[in-house]
Structure formats: C-alpha cells, structure tokens
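Subject: Structure for you to look at

Hello,

Here is the structure you will be working with. Please open it beside this message and find each residue as you read.

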Amino acid sequence: MKVSKIAIIGFGVVGSGTVELFYKNKELIEKRSGRKMDIKRICDLREFPGSPFADKFTKNFNDILEDPEISVAAEMIGGKTLAYDYTKKLLSRGVSVVTSNKELVATHGAELIKLAKENKCNYFFEASVGGGIPIIRPLHQCLAANRIERIAGILNGTTNYILTKMIYDQVSFEQALADAQRLGYAERDPSADIDGDDACRKLCILGSLAFGKHIYPEYVHRSGIRNITLDDVEYVANAGYAVKLIGLIDRTDKGLVATVCPRLVSVNNPLSGVNGVYNAIMIRGDSVGDTLFYGRGAGKEATASAVVADIIDAVKHENADIASLTWEDSENRDFILPYKSANVRVYVRISARDADSLKSFITTLFGFVDFIPRKQRSSSELAFITPEIEEYQIDRKLALLSEHADVMRKIRLL
Ligand code: HSE
C-alpha cells in the first residue's frame, strides 16, 4: 500500500504540536483517511537535540521541495515572506500545502488558491481561523446553499483572555497579557493581537470565503483593546453587556460593512459568554439563520487538531482540488462601505466638572439615552448608551458634547 509522505515546515508551537498529534493518533488518522501516512521531513533552522524525530530534521527546504515522494506540506513558519516563497514553490510543483498562517492567507489567499487549482493540488487553511474550531470547511461546504448575511466573531484568543481576566478577576491588562504570552496564545509581536490585526486577518479570510472576493486587511476598519479600562468593564456590566473584541461583516444591499473593534455584547447573546482563550463565530445564512461555532481559538493542541485534519483531507484529495474553497481577487474596495455609514448604538463615557448637569443636553442631542448606574459614581463622570443611528451622526453629536465634557470612551454595540 502506498504511504502518503508529509513534510512539516516550521517546528515551533504549532509545528511540534502537529507532529506530536499525528503520531499520537496515527492509527486512527490512517483509518479515517483510508491510507497509510507518514511524516518524512521536518524543516527548521534550529537544533532540537534529543528529539524523537531527529532522523526527520533538515535545515534545507529543497530537501522537501525536490522530494518526489512528498505530496503534502504543512507550512507553519508564519509571516508572509519566506512562507509565501515556499508555498508558491510547493504549489507550483503540485504539492498541497496546509497552513495555520492567517497573515499569508489574508494577504495572498486568492493568488495561492488559484495557483493550487492550476496545479491540481490544494491550499488548505482550516487552522488559520479560530484555532481548533471547524469553520472554514463548514463555511464553504455545509453552508454552501446559503447567502451569508452576517459574520460576527470573537477571533482572537489573546484579547479574549485579557478581557475575561479584566472582567472576572480585575487583573491588570499587562498581567493578563503576560499570562497569555506564557500560555503560548499570543503572536510573536503581541501588538498584532492587542490592536486587532490578527482578528482582522481572520475576519478577512472568513469574509473572502463567504462573499467571494478577497477582502484585504486594509479594507477593514480596526481598533484594538488598549483603551478599555476597568471603569468601562464595570459600567457596561451594569447595563447588561460584556466588552468583546468583535470581527463583524454585515452584508447590505449597497455592500459590505466590515470592522474589527471592541463591542458591547448583550448578556442575551451567546458571544457574551465566550471567555478565556475560547473563540466563537456566528454565521448567519439566509436559509439556515444563525449558526454558532465555538472552541479553543489558540494554543498548541487545538491548532494542531485543525492542521492534522487538513493534512488528512489533502491526502484524501491528492490530484483533485476542492472546488468550493475559493474566492476571486479584488482590485479595489468598492464593495466595502464606509463603516461609519452603518447604523449603530454606542456606549459613551464622559468626564465633566458636573456631569449630571449635562443629562438633559445629552437627551436633547440623542433623543433618548440609557444612562448607566454605577456604585459610588463620581459626580464628574457619566456613562450612557445612545439609540441606534448612523455613526457619522453620532460623531457629530459627540463633537457638540465635547464642547462641554471630555468624551473619554466610545464603544459600539453589537
Ligand atoms: N495570537 C492568536 C490568538 C493565535 O491569540 O488568537 C491564534 O491565531
């Protein structure tokens, strides 16, 4: 019986997790894939003395590229320079590539998928979004009959872990981030987590797949969680909300509205209860309605679960590409609307010498607002939630308010 030979490129957290999981469940994996499989090569520039996989290591990528036996390679080096070069070379030779590299997929996905199809192989990236959560395959296979109306997700484990620690344990932002780094959740440069870039890349991948056109990260408005304070967390909890970093795409008649930013999520919405490193993605289809995908969004074992599943699928589909896993490139952002043209409710926190005296002015500005109570609230601060109106209009009203008070925070509602 032919043995399908696999290569692993990058033996970091996810790469080593993939190799360990593969050998842990090899028998089951082979049974499920209906064929024999083995990892032939592991490419990494570092030394791994004492590794049980010592006979497989190489520092030379060409040992993989030029090996005619290798039919599937897992790229887990990350970034978009070397990984891009290697992926193109492998796909051009008809070697399927599976990856957890969301940066590469979000930047060059359309091109790499096309290249794979031209060479009758596959480019799979289940692990690039939501860690171990099955979401890519459900989106283009199980939900294929639907027109997608909305994607709303908690797409970054590190920020969700930090916000959860702030909400439940009153832990400082810095301490929670240090914990997330220690647990292997954070990106090498954690600002990609904190400032929303990582969630944005994942949203772009989901949106490109759901709406058929490449959504580049620069098309999407994003802001991260650096400014969220324990004051905000307490106020919004009193109003029945949790703060979450949400990636959101809504389809409207005129185009898509795409954002990554902190949002207030009602306690009645299941996304508000997604805590710690867990991610969740709500997909709304015109036929199915709302669906929710939940699981560990980062970490060695969870991400390896998705990588190994892709390896199995790639082995099962040698010499045949999966037609539904595709989207077109886009030349411009015409199909994305200015995000401030969308109607939204926002939470606002202001500071003023006598904040309460501004209540009637605020009510006149917005028509109706919910003022939020807080135990031992100082008379110099006030927090409220506006009605739903176009965000441009909200900003104009807040500009008027800022003539009388410092507008400390503005957070959109989901
Ligand atoms: N840094 C990412 C996160 C890792 O925290 O979600 C998984 O993509």
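This is a predicted model: local features need pLDDT of at least 70, side-chain atom pairs count only at pLDDT 80 or more; totals for chains, interfaces and linings use all residues.

The ligand

Which residues surround the ligand? They are Lys102, Asn156, Gly157, Thr158, Tyr185, Ala186, Glu187, Asp193, Asp198, Lys202, Gly297 and Ala298. Sorted by class, this shell is made up of 5 charged, 4 polar and 3 nonpolar residues.

Lys102 places a polar side-chain atom 2.5 Å from an oxygen atom of the ligand. With Gly157 the backbone takes part: one of its polar backbone atoms is 2.7 Å from an oxygen atom of the ligand. Asp193 faces a nitrogen atom of the ligand instead, with an N or O atom of its side chain 2.7 Å away.

How much of the ligand's accessible area does the protein cover? On its own the ligand has 250 Å² of accessible area, and the protein covers 92% of that. The ligand takes up the space of the largest pocket. Two elements give two or more residues each to the shell around the ligand: helix 7, residues 157-169, and helix 10, residues 197-211.

Two residues with positive phi

Gln170 is not a glycine, yet its phi is positive, at about 50 degrees. To find Gln170, look in the loop between helix 7 and helix 8, the latter being residues 173-182. Is Gln170 buried or exposed? Its relative accessible area is 53%, and the cut-off for exposed is over 50%, so Gln170 is exposed.

Gln376 is a second case: its phi is positive, near 50 degrees, and this residue is also something other than glycine. Gln376 sits in the loop that runs between strand 15 (370-371) and strand 16 (381-385). Its relative accessibility is 81%, so Gln376 counts as exposed.

Ser380 is in the loop between strand 15 and strand 16 too. At 29% relative accessibility, Ser380 counts as partly exposed, because that class lies between 20% and 50%. From Ser380 to Gly289 there are 91 residues along the chain, and their C-alpha atoms are separated by 44 Å.

Leu264 belongs to strand 10, which covers residues 255-266. Its relative accessible area is 0%, so Leu264 is buried, given that buried means under 20%. Leu264 and Arg345 are 81 residues apart along the chain, with 9.5 Å between their C-alpha atoms.

Ile350 is part of strand 14, residues 346-351. Ile350 has a relative accessible area of 0% and is therefore buried.

Ile136 is found in helix 6, residues 136-142. With a relative accessible area of 3%, Ile136 is buried as well. Ile136 and Ala355 are 219 residues apart in sequence, and their C-alpha atoms are 48 Å apart in space.

Regards

Terms used
Residues are numbered from 1 along each chain as its sequence is written. Side-chain values use heavy atoms; hydrogens and water are left out. A residue is near a molecule or strand if one of its heavy atoms lies within 4 Å of it. A polar contact is a pair of N or O atoms within 3.5 Å; within protein, one must be able to donate a hydrogen and the other to accept it, and residues adjacent in sequence count only if both atoms are side-chain atoms. Accessible areas come from the Shrake-Rupley method with a 1.4 Å probe; for residues, only the protein chains shown count as cover. On a 1 Å grid over the protein atoms alone, a cavity is a set of points where a 1.4 Å probe fits but cannot get out, and a pocket is an open set with protein on both sides within 12 Å along at least five of seven lines; lining residues have an atom within 4 Å of a point. A molecule sits in a cavity or pocket if more than half of its atoms lie within 2 Å of its grid points. Helices (H or I, at least four residues) and strands (E, at least two) are DSSP runs, numbered from the N terminus. Ala, Val, Leu, Ile, Met, Phe, Trp, Tyr, Cys and Pro count as nonpolar, Asp, Glu, Lys and Arg as charged, and the others, Gly among them, as polar. Buried means under 20% relative accessible area, exposed over 50%, partly exposed in between (1.4 Å probe, protein chains only).
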